[in-house]
Amino acid sequence: MVNDTISDMLTRLRNANLAKHQIVEVPSTKMTRNIANILLEEGFIQSFEEVGENFNTQLLLSLKYKGRHREPVITALRRVSKPGLRVYANRKELPRVLGGLGIAVISTSQGVMTDNKARHQGLGGEVLCYIW
């Protein structure tokens, strides 16, 4: 049983990227599906699919690489808000990751979205992670 599913997902992605795996398996929850959807929209992964039965569903994320040497598209992943220390930002304090080159995943009252989308909609929320 994993308490922090977001950290578990980010660690699995980081490890699979370093090992240059093509796919990575992540336990499927509502939050991990939303984060996978954001990664797909922002072009960090090729695709994802949900497989399994009712209580044992997994997400299969297909990782994306660039160039002849198969350099990972995802350079780094960093968890910001943890179960022991929640980090919140209002709409004026939303972080910019690497001057806009990366994304911050924000959990708002309107759902999970990127920092750019939250800024555009005038929303703040919990800063889940940085991806660049």
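1. A salt bridge here is a side-chain nitrogen of Lys or Arg within 4 Å of a carboxyl oxygen of Asp or Glu. The side chains of R12 and D8 form one, at 3.2 Å from N to O. R12 and D8 both sit in helix 1, four residues apart, about one turn of the helix. The whole structure has five salt bridges.

2. On the source: this is a predicted model, where local features need pLDDT of at least 70, side-chain atom pairs count only at pLDDT 80 or more, and totals for chains, interfaces and linings use all residues. Residues are numbered from 1 along each chain as its sequence is written, and side-chain values use heavy atoms, with hydrogens and water left out.

3. The chain splits into domain 1 (5-72) and domain 2 (77-131); the bounds come from an automatic or database domain assignment. Their C-alpha centres lie 19 Å apart.

4. Now the interface. 12 residues of domain 1 contact 12 residues of domain 2 (heavy atoms within 4.5 Å). The buried area is about 1100 Å², and carbon and sulfur atoms give 80% of that. Buried area is the accessible area (1.4 Å probe) that two parts lose on being put together, summed over both. On the domain 1 side, helix 1 (5-18) and helix 2 (30-41) are the elements that give two or more residues.

5. How many salt bridges are there between domain 1 and domain 2? The count is zero.

6. One ring feature: R70 lies over the face of Y65, 4.3 Å from the ring centre. The rule asks for NZ of Lys or CZ of Arg within 6 Å of the ring centre and within 35 degrees of the ring normal.
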